[in-house]
Amino acid sequence: MQLSSLLYKVPLQATAGSMDTDVTHLTMDSRRVAPGSLFIAVRGTVTDGHAYIDKAIELGASAILCETLPDQTPEHVTFVQVADSARTMGLVAANFYGHPSKKIRLVGVTGTNGKTSVATLLFRLFRSLGYRCGLLSTVQNQIDDTVIPATHTTPDAITTHELLVRMLEHGCTHVFMEVSSHAVVQERIAGLHFAGGIFTNITHDHLDFHKTFDNYIKAKKGFFDQLPRAAFALTNADDKRGAVMLQNTLARKESYSLQTLGTFKGKILADGLFGLEMDIDNRRVWFKLIGRFNAYNLLAVYGAAVLLGEDPDDVLTQLSGLMPPPGRFEQVISDDRIVGIVDYAHTPDALQNVLETIAEFSQESETGRLPQVITVVGCGGNRDAAKRPLMAEIACKFSQRVILTSDNPRHEEPMAILEQMQAGVPPIDFKKTITIEDRREAIERAVALAQPHDIILVAGKGHETYQEIKGVKYDFDDRLVLREAFANRGKA
């Protein structure tokens, strides 16, 4: 494709070289440059793509898109200067791949908690309704049955467009996509045409990146501000910032609610460890998911499906048979009936939601003993440190025993993270709190402390199958470790 066609409707500041240059490949990674590539120099949080322009030219790039032109521009390479390389990358990718998002029904899901559950449930729901679908999520990207590992909650713009083209080629009609706040700020959704957007909730998270909670809210809102008039904007009316998301959107404004007025209204009739019964728009339905937080997720999925034109009765019938996504309140039960729950909860609000749900189920067993809740929890390194003491405080409030341990310490010292968590432990709870740096040992200790009918929550990593320490990812799956500990329970 000619460079001039790639730059259709792209605001330019300056150019140097021929606009008739043929481009056969797009990349923001200089290591992937080949003859005929357009190399896009993006200023990232860690590296600046402008530092790799010379390398891209050496590898055969036919054109360079950047924010700052170098002093010398080789005659055989075309340079294009723009104000924002990241945003332009999305627009160029859309032109290069033929605007695939306009040929498919793309729905984005944003919010602090529930993004993965809502996107995954929508993907599974529409497949059960007979559609071919795509999924872009934290857990994995998926084209019908084909699983593609995910490296980011929301991929970069080029990767997203490449995946959308593959989905179209496979016959997909719908794609459900998590939209992170980072992705909005970093323009990873630029060039995408959404049929709808969903807001789940917003709580304390990612302040390491956004610096202030107000900036975090603005990032989420930025997604809805970009929605076209033909799209729908579906928000949680019970979240006090739900209405904020809709203030400036051109999209059709809709809502769902358990407590207030909403387009889609739900009510919890019964909630237990093995299911959730709800009234949704005057229809009584039983679901395999549990907890109040999942009641909201189910309402969001139901509302989005109806707004996409599906029959309400068909939607609820199929939803009632769906299982929760991996690592979301996933249960592992021992032979002597200790209930292990593995959940991705890694924010204060998510942890409290899960523990409040567990507290509702912690009823007296047939032995006459009130079951205890044992929580194993850590906090990730190189992330928002302000939430660390809060996580420990919440764990102590809702648990009889608490074990503080490593999550993904990444490049931080594990004990430094744990010391920050310990600062949130109330003095009255010192005796019931243990700190064990090794996560496997922490889970094994929880199992050793448990008695039949107790509930062990292992929080923070959920579906993840690794633990990142000093930049290295080691095999680690909370679910497998918990099963092994249960299997070894009682052995010498």
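Trainee: Why does Lys-221 count as buried?

Mentor: Lys-221 has a relative accessibility of 11%, and buried means under 20% relative accessible area, with exposed meaning over 50% and partly exposed lying in between (1.4 Å probe, protein chains only), so the value for Lys-221 falls in the buried class. This is a predicted model, in which local features need pLDDT of at least 70 and side-chain atom pairs count only at pLDDT 80 or more, whereas totals for chains, interfaces and linings use all residues. Residues are numbered from 1 along each chain as its sequence is written, and side-chain values use heavy atoms, with hydrogens and water left out.

Trainee: What makes the meeting of Lys-221 and Asp-225 a salt bridge?

Mentor: The rule asks for a side-chain nitrogen of Lys or Arg within 4 Å of a carboxyl oxygen of Asp or Glu, and the N to O distance for Lys-221 and Asp-225 is 3.1 Å, so the pair qualifies. In the model as a whole, this rule gives a count of 20 salt bridges. Lys-221 and Asp-225 are 4 residues apart in helix H8 (residues 213-225), which means that about one helical turn separates them; helices (H or I, at least four residues) and strands (E, at least two) are DSSP runs numbered from the N terminus. Asp-225, at 33% relative accessibility, counts as partly exposed.

Trainee: How do you know that Asp-478 forms a salt bridge with Arg-439, and where do the two residues lie?

Mentor: Asp-478 belongs to helix H16 (residues 478-487) and Arg-439 to helix H15 (residues 439-449), so the pair, 39 residues apart, links distant parts of the chain. Both Asp-478 and Arg-439 are buried, the value for Asp-478 being 0% relative accessibility. Leaving aside residues up to four places away in sequence, Asp-478 touches Val-342, Arg-439, Ile-443, Val-458, Lys-461 and Gly-462, a contact being heavy atoms within 4.5 Å.

Trainee: Which residue forms a salt bridge with Arg-440, and why do we say that the pair ties together parts of the chain?

Mentor: The partner of Arg-440 is Glu-484, with the closest N and O atoms 2.9 Å apart. Arg-440 lies in helix H15 and Glu-484 in helix H16, so the parts that they tie together are 44 residues apart in sequence. Arg-440, at 32% relative accessibility, is partly exposed, and Glu-484, with a relative accessible area of 41%, is also partly exposed.

Trainee: How do you know where the buried residues of H16 lie around its axis?

Mentor: The buried residues in H16 are Asp-478, Arg-479, Val-481, Leu-482, Ala-485 and Phe-486. Seen down the axis of H16, they fall within an arc of 165 degrees, so they line one face of the helix; the arc is that of the directions from the helix axis to the C-beta atoms. These buried residues pack against strand E17 (330-333), strand E18 (339-343), H15 and strand E22 (455-459).

Trainee: Elsewhere, what makes E1 and E2 edge strands?

Mentor: The open sheet has 5 strands in the order E1-E5-E4-E3-E2, with mixed pairing. Strand E1 (14-16) and strand E2 (25-27) each have a single partner strand, so one side of each has no neighbour in the sheet.

Key:
Two strands pair if DSSP finds at least two bridges between them.
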